[in-house]
Structures are given as structure tokens and as C-alpha cells.
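Here is a short tour of a few residues and how they sit in their surroundings. Please keep the 3D view open as you read.

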Amino acid sequence: MKRRLLLKRLQLAGWYLLRNGANHDVYTNGHDMEPIPRHAEIDEQLARSILRKYNLGR
């Protein structure tokens, strides 16, 4: 999955950038935090896992 597509889905659900790390950006919804790898293409299983963990579809 493209990174920008994953970020768009997170942001539409109210998630926002908390901080930048060395290899990951950390996004939060105010309660949970999730590190998102800084790659143009994110492994499909990882992207699905993140979306499923927070009931964001697919």
C-alpha cells in the first residue's frame, strides 16, 4: 500500500502527526499511538494490520 494512502485513511479518521522519528513517523488520535514506517511503499500486511487494529476499514 502506498504510504500516502495509509496516512490519508488515518487522517480522515482523526489521526494526526505527533512526532517524527529517525525511521518512522508517529501518529496519534489523542489516545493511541502508531509508528508508521517512512517508506514510499508499506508492506500490505502491515498496512492492513494497522487499519484493522483501529477498525479503519478494509
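A polar contact is a pair of N or O atoms within 3.5 Å; within protein, one must be able to donate a hydrogen and the other to accept it, and residues adjacent in sequence count only if both atoms are side-chain atoms. The model is a predicted one, in which local features need pLDDT of at least 70 and side-chain atom pairs count only at pLDDT 80 or more, while totals for chains, interfaces and linings use all residues. Residues are numbered from 1 along each chain as its sequence is written, and side-chain values use heavy atoms, with hydrogens and water left out.

Let us start with Glu 34. Its side chain is joined to that of Tyr 54 by a polar contact of 2.9 Å. Beyond its neighbours within four places in sequence, Glu 34 is in contact (heavy atoms within 4.5 Å) with residues including Trp 15, Asp 25, Val 26, Ile 50 and Tyr 54.

| Residue | Relative accessibility | Class |
|---|---|---|
| Glu 34 | 8% | buried |
| Arg 48 | 34% | partly exposed |
| Tyr 16 | 42% | partly exposed |

As for secondary structure, helices (H or I, at least four residues) and strands (E, at least two) are DSSP runs, numbered from the N terminus. Glu 34 belongs to strand 3 (residues 33-37), Tyr 16 to strand 1 (residues 16-20), and Arg 48 to helix 2 (residues 44-53). Between the C-alpha atoms of Arg 48 and Val 26 there are 17 Å, with the two residues 22 apart along the chain.

Terms used: Buried < 20%, exposed > 50% of the residue type's maximum accessible area, 1.4 Å probe, protein only.
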